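The exercises below are to be worked with the sequence and the structure in view. Each task is followed by its solution in steps.

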Amino acid sequence: GLDKISELRETNKEIDLFIQKREARKKNQQCGLQSLLIKPVQRICKYPLLFRELIKYMKKSELLQKDDEDFRKHVVELEQAAAQVDEIASSVNEKVSAAENQNLVMQVYLELGGPTDPKLSSLLK
């Protein structure tokens, strides 16, 4: 999404001007269009919520489907999938936090005058 908007803004000046005008409005200054788009890593964190909601509604339906063994089997499978999704989301969150912390340490290191390598500087931007 972000790449497509950037590409559109570069190739279509009317769209770029339209977005600039909207982002320049006082109420829109703190959150431009790109900040409203969900990033792929953020999407991963939404899946556990989706699975919880699915399970909640399936369990409500389960009361109506008491005798349907297949339905109960699907609920169990969905709960297992939800547990795996939770694990993946937690792992991603941990890795993102670790990367952010590492980036912060490197920024402090550079601010304190640590030797710089052009490759490092480009990674911190």
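A residue is buried under 20% relative accessible area, exposed over 50%, and partly exposed in between. The model is predicted, and the protein averages a pLDDT of 80, with 79% of the residues scoring at least 70.

**Exercise 1.** Find the salt bridge formed by glutamate 79, and classify glutamate 79 as buried, partly exposed or exposed.

Solution. 
1. The partner of glutamate 79 is lysine 59, with the closest N and O atoms 2.7 Å apart.
2. The relative accessible area of glutamate 79 is 29%, so the residue counts as partly exposed.
3. Lysine 59, at 38% relative accessibility, is partly exposed as well.

**Exercise 2.** The whole structure has five salt bridges. Take the one between aspartate 86 and arginine 52 and the one between lysine 56 and glutamate 53, and state where the partners of each lie.

Solution. 
1. Between the side chains of aspartate 86 and arginine 52, the N to O distance is 3.7 Å.
2. Aspartate 86 is in helix H5 and arginine 52 in helix H4, so the pair links parts 34 residues apart in sequence.
3. Both are partly exposed: aspartate 86 has 29% relative accessibility, and arginine 52 has 46%.
4. For lysine 56 and glutamate 53, the closest N and O atoms are 3.5 Å apart.
5. Lysine 56 and glutamate 53 both lie in helix H4, three residues apart, which is about one turn of the helix.

**Exercise 3.** Describe the place of leucine 54 in the structure.

Solution. 
1. Leucine 54 is part of helix H4 (residues 40–64).
2. With 38% relative accessibility, leucine 54 is partly exposed.
3. Together with Tyr47 and Leu50, Leu54 forms a nonpolar surface patch of about 270 Å² of accessible area.
4. Leu54 is also in contact with leucine 78, whose other contacts beyond four places in sequence are Phe51, Ile55 and Met58.

Methods. Residues are numbered from 1 along each chain as its sequence is written. Side-chain values use heavy atoms; hydrogens and water are left out. Patches are made of residues with over 30% relative accessible area and no salt bridge: like charges are joined within 9 Å, nonpolar side chains (Val, Leu, Ile, Met, Phe, Trp, Tyr) within 5 Å. Accessible areas come from the Shrake-Rupley method with a 1.4 Å probe; for residues, only the protein chains shown count as cover. A salt bridge is a side-chain nitrogen of Lys or Arg within 4 Å of a carboxyl oxygen of Asp or Glu. Helices (H or I, at least four residues) and strands (E, at least two) are DSSP runs, numbered from the N terminus. Buried means under 20% relative accessible area, exposed over 50%, partly exposed in between (1.4 Å probe, protein chains only). Contact means heavy atoms within 4.5 Å. pLDDT is the predictor's confidence in each residue, from 0 to 100.
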